[in-house]
Amino acid sequence: MAVRVSLLAAALLAAVSCFHATASDPSLLQDFCVVDKMSKVRVNGFPCKDANDVAAEDFFFSGLHMAGNTTNKQGSAVTPVNVAQIAGLNTMGISLARIDYAPFGQNPPHTHPRGTEILTVLEGSLYVGFVTSNPDNKLFTKVLNKGDVFVFPQGLIHFQFNYGTKMQWHLQHSAARTQG
């Protein structure tokens, strides 16, 4: 009889606990995980440098002030700022890029399966768009001008096109989901 009461009490406690559960993103295990480019270990992501060897330079990049070379087939140039350029971005789930466009240059249709992109036009104008997934496959487009911001939802095919004659550039920011 005591076993039945204990099991009943445990079941009741479990049921009541479910109603008061909360959810949140897990806390980070450490403040940062700067890439150890010298490590021979290969994991899903990059191994971390010893925290005692981390320096301010691991969180720094210089170069977004320089225009990219747009004399190519696409008429655009991407200057990425991701974990390859800033070792301190490792595991943070965020990156940044500068994209320069020649007149009629493009960033052709592409997708970021694990990240949402936010774009800011800093100069000129840009025709942008994305396509929703099934069943509707709806096309959303907009002409952006200096100072405008546009968001491309995670995983959806999107593009940018400079239909004008003025050289322009913008920054794009991609916040990817991190897995642990």
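Hi everyone, let's start with His112, which sits in the loop between β3 (106-110) and β4 (115-121). Bear in mind throughout that this is a predicted model. The side chain of His112 makes a polar contact with the side chain of His110, at 3.3 Å.

Why pick that residue? In the unreviewed UniProt entry, a "binding site" annotation covers Asn107, His112 and Glu117. Glu117 belongs to strand β4. Is Glu117 buried or exposed? It is buried, because its relative accessibility is 0%. Its side chain also has a polar partner: the side chain of His158, at 3.0 Å.

Now to the surface. Phe32, Phe59, Met92 and Ile94 make up a nonpolar patch there, and together they have about 320 Å² of accessible area. Take Phe32 from that group: you'll find it in the loop between α1 (2-19) and β1 (76-81). With a relative accessible area of 30%, Phe32 counts as partly exposed.

Finally, some backbone details to look at on your screens. Asn134 and Pro135 are joined by a cis peptide bond, with omega at about 10°. Pro135 is in the loop between β5 (125-131) and β6 (139-145). The loop between β5 and β6 also holds Asn137, a non-glycine residue with a positive phi, near 50°. Asn137 is partly exposed, its relative accessible area being 43%.

Phe104 lies in the loop between β2 (94-101) and β3, and it counts as exposed because its relative accessibility is 52%.

Conventions:
Residues are numbered from 1 along each chain as its sequence is written. This is a predicted model: local features need pLDDT of at least 70, side-chain atom pairs count only at pLDDT 80 or more; totals for chains, interfaces and linings use all residues. Side-chain values use heavy atoms; hydrogens and water are left out. UniProt positions are given in the numbering used here, feature names are shortened, and annotations may be inferred rather than shown by experiment. Helices (H or I, at least four residues) and strands (E, at least two) are DSSP runs, numbered from the N terminus. A polar contact is a pair of N or O atoms within 3.5 Å; within protein, one must be able to donate a hydrogen and the other to accept it, and residues adjacent in sequence count only if both atoms are side-chain atoms. Buried means under 20% relative accessible area, exposed over 50%, partly exposed in between (1.4 Å probe, protein chains only). Patches are made of residues with over 30% relative accessible area and no salt bridge: like charges are joined within 9 Å, nonpolar side chains (Val, Leu, Ile, Met, Phe, Trp, Tyr) within 5 Å. Accessible areas come from the Shrake-Rupley method with a 1.4 Å probe; for residues, only the protein chains shown count as cover. A salt bridge is a side-chain nitrogen of Lys or Arg within 4 Å of a carboxyl oxygen of Asp or Glu.
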